[in-house]
Amino acid sequence: HKVLVHLWKNQQLKNVLIKECKDMQKYAVLMAGGSGTRLWPISKETSPKQFIILEDDNSMLVQTIKRLCKVVEPEQCFIITNRLLSDITKKSTGEYIPGGNILLEPERKNTAACIAYATLLLQKRYKEGTICFVPADGYVKDVESYVEALQLAFDAAERFNSLVVIG
């Protein structure tokens, strides 16, 4: 977290990071296994809030994919969800990312288990890279600043071989 604060304040360091840290493959994992209870009755277990249509006739999930694909290639963008949401996830995201990039959790657990499971799957598939984990139901008003922050986070994680938290 301190790294990101420093990067925002130091334009010269920010420029160095963006120019020098392009080696590792970037991956994004959208965590979309919600149970649909927080916004009930608008969201339900079979259609949680990441599927709620907002502006531009897109769901929160699709808006998140579009934001992430400004930094990560669609082929490197994954969604982890539960089996109950598999079909609706494939249906709503099929034109944005490959269907094979929808990962199914063996059981509903928690965020830490979700992150660990997705990391193991991607490590097995790709061996190395830099991964970001993003909730699928976030709303971002300033997309340009979000994209810049995400790029800086990827660059800092690779350059300093560290975990970077935004938020």
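1. A pocket is found on a 1 Å grid over the protein atoms alone, as an open set of points where a 1.4 Å probe fits, with protein on both sides within 12 Å along at least five of seven lines; its lining residues have an atom within 4 Å of a point.

2. Before you read on, know what you're looking at. This is a predicted model, in which local features need pLDDT of at least 70 and side-chain atom pairs count only at pLDDT 80 or more, while totals for chains, interfaces and linings use all residues. Residues are numbered from 1 along each chain as its sequence is written, and side-chain values use heavy atoms, with hydrogens and water left out.

3. Now the overall layout. The chain has six helices and four strands, and from the N terminus they come in the order α-α-β-α-β-α-β-α-β-α. Of its 167 residues, 39% count as buried; buried means under 20% relative accessible area, exposed over 50%, and partly exposed in between (1.4 Å probe, protein chains only). A contact means heavy atoms within 4.5 Å. Take the contacts between residues at least 6 apart in sequence: 67% of them join residues at least 24 apart.

4. Next, the inside. A nonpolar core is a set of buried Ala, Val, Leu, Ile, Met, Phe, Trp, Tyr and Cys residues joined through side-chain atoms within 4.5 Å. The largest one here has 19 residues, and Leu30, Leu61, Leu68, Ile79 and Cys132 touch the most other members. At least two residues of this core come from each of β1 (26–31), α3 (60–68), β2 (77–81), β4 (130–135) and α6 (143–160). Apart from this core lies another, of nine residues, including Tyr27, Ile80, Leu103 and Leu122.

5. Why does Ile80 count as buried? Because its relative accessible area is 0%. Not counting residues up to four places away in sequence, the neighbours that Ile80 touches include Val29, Leu30, Leu103, Cys114 and Tyr117. Ile80 and Cys114 are 34 residues apart in sequence, yet 7.5 Å apart in space, C-alpha to C-alpha.

6. On to the pocket. The largest has a volume of about 710 Å³, where volume is the space filled by probe spheres set on the grid points, which are joined across faces, edges and corners. Its lining has 22 residues, with Ile131, Cys132, Phe133, Leu163 and Val164 nearest the centre. Which element gives the most to that lining? That's α6, with seven residues; α5 (111–126) and β4 also supply at least two residues each. By class, the lining has 16 nonpolar, five polar and one charged residues. Here Ala, Val, Leu, Ile, Met, Phe, Trp, Tyr, Cys and Pro count as nonpolar, Asp, Glu, Lys and Arg as charged, and the others, Gly among them, as polar.

7. The partners are Glu107 and Lys109, at 3.4 Å, N to O, and both residues are exposed.

8. Arg108 sits in the loop between β3 (102–104) and α5, and is partly exposed at 35% relative accessible area. Two other residues have a positive phi although they are not glycines: Lys127, at about 75°, and Asn161, at about 50°. Lys127 is in the loop between α5 and β4 and is exposed, at 62%. Asn161 is in the segment after α6 and is exposed too, with 72%.

Conventions:
A salt bridge is a side-chain nitrogen of Lys or Arg within 4 Å of a carboxyl oxygen of Asp or Glu.
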